[in-house]
Every structure is written in structure tokens, then in C-alpha cells.
Amino acid sequence: MTLLVLAGVLSMLAQVVILRELVSALFGVELLYVLALGTWLVGTAAGSWAAARAAARPRVLAAGFLALGVFVPAGLVLVRAAGRILGAMPGAYLPFPAQVLLIGAATLPAAAACGALFPPLAAAGGRRSRSVGRAYAIESAGAAAGGALVTAAMWLGVPTFAVAMVAAALAFAAAAIAVMRRPAAAAALAAIAAAGAVALPRAGPWDARLARWTHPALVDAADTPYARVVVTSAHGQVAVFENGALAFESEGTSAEAFADIAAAQHASPRRALVVGGGAEGVAAALAADQRLAVDDVETDARAYRLVRAHVPGPLGRSGPVAAAHRVIFAEPRVHLARGGAYDLILIAAGEPASGAASRFYTREFFRTCAGSLAPGGVLALRLAASENVWPWPLARRTASIVNALRREFPHVDVLPGATLYLFASAAPLASDPGTLSRRLADRGVQPRQMTPPYVRYLYDNDRRSQVRRLLASLHLVAPNRDAAPACYQYAAALWLARFCPALAAASPPGGRPIRWAVAAGAAVVLGGVVWARRRPRGRLVLLLAGAGFAGMVLETVLLLQYQVANGTVYQAVGWLLTCFMGGLAAGSWAVPRPRGGKPGEALPWTPRAPATALLASAVVAGLSTRVPAMAGLAWTSLMLAGTGAAVGACFAAAAAHWPGERLGGASSLYAADVAGGAAGAVLVTLFLVPAVGIDGAALVTGLLAAALLLL
């Protein structure tokens, strides 16, 4: 039992370490994160399948734990050294094939080691009259404990490198436990684990040395619950990287330019709110106007303090900051819901390139902002754009945000360029360059970029009318919404176009490919059901693959729903994932073993009962997406626990019905469960949510659960 718990804990620690390093090395691109998660799950399934012939001997278990103890820190070192080995510049993308190769090399060995441990451990439990379902419950409970442990470590500021060292020490300790009957081997492994524990407090310098492989001019770095933030300095210039991508540098003018042109949209602003961008200096640049009270709402307190410690004051512009400049660490939606009338609201929270960032560019968020604006107030935001050529992903991503703005504001204005500025208000917006230049002069600041000639150029050049016509022609593009983040799909296509320019030059896909994809998916599911009904083992394998797929989709739907309603999921992600893993453990433990001692004999539960529970979870999750009151922490926790329990019960019931020897059943069913989860992780993020929305993804999962009942 101890080794099963340790296997669960180590699987969670290893997954978090490797995926977190890949997110940082690959610029936090959600497409690559999903690919890495899917690769991890595929590696786990492959390891479980390969372990079907592995005997539950002490030396076999010790070898598995030893491999895991080596692969986790080795994967971390490989990810950090990849750029140096390939000669990549800090902040520059690796070639796409190299990125895919790096993901595979970092994830597959450790994932396969995790997957290979479960079948022999489950088979060993058979000698103690423990069913495969009970073994799955114990391993899931260990994973829940590992999730809680790593989340606590993240909130305490423990670096990922230290978590990797803890995982290695635990793996060596588990190997020592596996060979306890061999005193010499056990003593050696225990000594290695103890040495790792002693060296842990001194891991900081080693962590910094590895970080300098990626950022040679490193000054400071921190792993926050949101991202890895790195500060570098060379020749007096400070650069800040977030998840490996350049966020801003101290000699740029982007923060100042955004603050100046936004402030000029209002005749006499007195109170302003800035969402994000505080570390970059947007709020500080706005507060250079001594008459303006500025509230700066930040979500990542640790990152803000780290950056401001090395980049004090407004970036690039001297002068005092208004005493009324307040920094508030809170979720923007929660802060806006508390009331208040602002003359200006600036959204400087970064590009909507992920599900987390997209929530600041949805119709529902714009509606919240509109309710917090004073009469004549202005909402301002900025997006990366193009000076001349607009490929279809860029045009449609921008149109989805503009259309969301137009649903909530009668007046929307666009200023094109490499940075696109968008302004929205209930009152008409000023468009005369002379008026705007006078307002800038009245602020009493000396703009470096938004000078009167440049403002006149922005409003009078031909590109402005061209971009306005382009966006008007795309009025049928679906607005970006909380439940259907349309711009996320286009952001993924934009990123892929960096490596495949033909994708951006091609015609945009229409609705017909989506309908064909849904029809093809339904045909595959029904064909699999027909094929499996005549094969007892195939029926159970397909059941577990479908349950793993449905469980992953519902988990993602519930986490996204919580994120949308509460601003961010990161603050409670440890607890929420622990609820899901705890549900897995409880559901698989609750299924009784065969009374007659043989698989399938006198079972009070059949796989139909947990499949019905999975269908009920999908229906309730779909309904809850339309009821805001059902997106709170308590309800989301309950739903995740219930979904996990249904998946765990499916596994235990299928294991109890497996017609064959125990090791092969544990290997095949565990591999099918994890492989289904891998497919669900990739499809829900890249296809289901962007194409049919959060509620549509829950509906599709309900249809799949109904198909599982036919088995």
C-alpha cells in the first residue's frame, strides 16, 4: 500500500515539474502545453501497456522507481539546456520540429516510468486480497496528496527545481522500500535519498546556474502560481520574461504610449482603473498626471513585487507618481463587482492567447466594465496587430473582440498599427487629432511617442479606414464570450502560422469542416461500440477509454467555468484537482469486489451504474454553465469530486469484470483510461471549447456517456 501511495504522489510531482518547465521554455503557448499534457498521458499509457509482462518482483519495482528518480531531474535539465544546445537566442522560438522533439524527450521517459509502476503494484496487491479497483483507489489518493503538496509548494514560493529534487529523493526512498529484504541495496538507496534531502536547502545556487543557461544575464527569477518570471539586466537595460517570452523591457515606450492615448480619450478624467500591466508601468505612466487617481489591479503579487524591485518607478519617464496611485492585489472581476465609477478603464493584461487571458476580452467582461464606467467613461485596450497585411487568423481574432465590444458599447473606435488600440464608450468618442493633442498637453506630461504629429498620423492615415472596413466586413464573426472563447482558436492558428506561413495565407475554415468533424467523431464512437459489444475485453477497454475521455473533458469544463466566474482558477487549482483525484479514489474504492472471488461473479454493481453517473455528471455540468450561482468553489468542488467518483467507479467495475489474469487487466485498463484522458485533453482545448463552447463540450460528453451505456 505504501508503494502505491508513493507511486501516486510521484506521478503528480513528476507531471507538474516537467510540464511547468516546458511551459516556461516554450513561452506558455497553450497549444504546446496541451500537446505536452497529451504526450505525458500517452507515455503513461504506453508504460502501463508495456508493463503487462512485468512481474511484481522487488527488483522490478525498484528499477521503476529508480528510473523515475533519474528521469524527473534529467527532464528538467534537458528542457533548460535545449536552447543552449540548439543555439537559440533568449526569447526566440525554437524551430517547431525541435519543440515537438523536446516535448517528447522530456515527457515520455518519466511518463512511461509512472505508467509502468501501476500494473505490477496492482498485481502485487492481489496476493493481499486487494482488487485492481482498490489499488487504483489507493494510487489516486496518493496523486491527490501529491497535488495538494505541489500546490502548497507553489504558493510558498518553492522553486520547481526544489520540487524536482524532492521527487527524486522520494523515488529513491520508494526504491529502498521495494528492496527492504535486501539490506545492502536498501541502505544504499536510503543514503541517496537522505543526501538529496540534506542538499535540498542548498538547491538555490544550482537552480540559478541552470536558469542562466536560458538567460545568461539573469538577475532574479521566481516561480509564481501563474508563471515563471525572469528579470535580466545588461548595459543598464532591464528585460522581463514571462514563461520564457519577453514581456517588456525598461527602455520601451509601449506602456507610456498606451497610457497617453487612452487618457486623451476623455476630456477630464479624474479616476482610472488599470487591469494588469502594473509591472510594465502602464498605471505609473497614467498616474504621472497629478490630477488623476489610479487604481492598479494586479493578480500576481509575487511577480509584481519581483519586477518592481528591479524596475522602480515609471519606465523611461521621470517625474513623481501621484499619491493616489494604488496597487490592489485582487481579481479584476471581483474588484469591479464591488462598485465604483471610473472615467477610464485600461485593459493591459496581455494578449488573449490562452483561456486564462481571454477572460479579459469577452463580452461578459466588457459588460462588467461598462457597468463600472461613469457617464462618458471610456474603456481602452490594446492588441498586437499588423501594419499592413492582416492574415485571416489575426483579422478574425480581432473581429471577435471588436464584435464583443460592439454588443455592449454603442461607440467603438479603432487605431491601427503594430499595436492596435481599441476604445469603447457609451458616449461619442473624440476623433479630431487637434482635440486629442490639446488633452495630452493639458495632462502636463512630456510624451515620447504620442506627440501631436504622431497622433495626427494615427487618425489621418489610410490604414485606419481600411482596418475599419475590414472589421465591418467581419460582423458575422462570433463575439468572444466566456462560454465560447472564439479568439482562443484564432490565437492558436496565429501561433502555428509562425512556423507554417501557408496557414495564415490560406482561406479561413468555415462551419462545414466542424460539422464533418463532429459527424466523423460520432461515427467513430458508434463504430467502436458495435465492434466492442462482441468482444468482452474490447468492451471494457473501450468503456475505460470513453470514461477517461469524458472525465478529462468534464474536468476541463468545470475548471474553465470556475475560471470564468471567479477570474482565475490558479488560486484554487490544487484544491479542485485534489477533489477530482479524491473522487477517483472514493469511486473506485466504493465498488465491491466479486463475492465469489472470481471476476464477474455476483457483482452488485455493473459498469452500467457508473456510466449512468458519468452521464448525470455531464448533464449537470452542462446545465451549470448557464447558472452563474453554480460556478462557486463549493459547487465546483462537489462536481469535480462526483465526476472523479464516476470515472473511478467505471475503472473498478471494469476491473472486476475483466476475464483474465490480474496483471494483464491492470495494464490494459489503466492504459485505456489514460489514453482516453490524453485524447480528451487535446480535443477539448483545441477543438471542442473553441468550436462549440464550454456548454457544447459538456453536451458532447453527455452524448458520449450515453453511447457508453450501449456497451
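Author: A salt bridge is a side-chain nitrogen of Lys or Arg within 4 Å of a carboxyl oxygen of Asp or Glu. The structure is a predicted model, in which local features need pLDDT of at least 70 and side-chain atom pairs count only at pLDDT 80 or more, while totals for chains, interfaces and linings use all residues. Residues are numbered from 1 along each chain as its sequence is written, and side-chain values use heavy atoms, with hydrogens and water left out.

Reader: Why is the contact between Arg397 and Glu351 called a salt bridge?

Author: The N to O distance between the two side chains is 2.8 Å. That is within 4 Å, so the pair counts as a salt bridge. Arg397 is in helix α15 (residues 392-408), and Glu351 is in the loop between β8 (342-347) and α13 (355-358), 46 residues apart. Helices (H or I, at least four residues) and strands (E, at least two) are DSSP runs, numbered from the N terminus.

Reader: What makes Arg397 buried or exposed?

Author: Buried means under 20% relative accessible area, exposed means over 50%, and partly exposed lies in between (1.4 Å probe, protein chains only). Arg397 has 4%, so Arg397 is buried.

Reader: Which residues are joined into one network?

Author: Glu21, Arg80, Asp207, Asp223 and Arg228 are joined by salt bridges that share partners. Asp207 and Arg80 form a salt bridge with closest N and O atoms 2.6 Å apart. Asp207 is in helix α8 (residues 203-214) and Arg80 in helix α3 (residues 58-86), so this pair ties together parts 127 residues apart in sequence. Both Asp207 and Arg80 are buried. The count by this rule is 18 salt bridges.

Reader: How many aromatic pairs does the structure hold?

Author: The structure holds nine aromatic pairs. One of them is Phe118 with Phe651, at 6.2 Å centre to centre and 70° between the planes. Rings of Phe, Tyr and Trp (its six-membered ring) pair if their centres lie within 6.5 Å; planes under 30 degrees apart count as stacked, over 60 as edge-to-face and the rest as tilted. The angle of 70° is over 60, so Phe118 and Phe651 are edge-to-face.

Reader: Why is the pair of Tyr136 and Phe651 called stacked?

Author: The planes of Tyr136 and Phe651 are 15° apart, which is under 30 degrees, so the pair is stacked; the centres are 3.9 Å apart. Tyr136 is in helix α5 (residues 132-155) and Phe651 in helix α25, 515 residues apart. Tyr136 has 4% relative accessible area and is buried; Phe651, at 0%, counts as buried. Phe118, Tyr136, Phe651 and Tyr670 form one aromatic cluster.

Reader: What makes His235 exposed?

Author: His235 has 85% relative accessibility, which is over 50%, so His235 counts as exposed. His235 lies in the loop between β2 (228-234) and β3 (237-242), and has a positive phi of about 55° although it is not a glycine.
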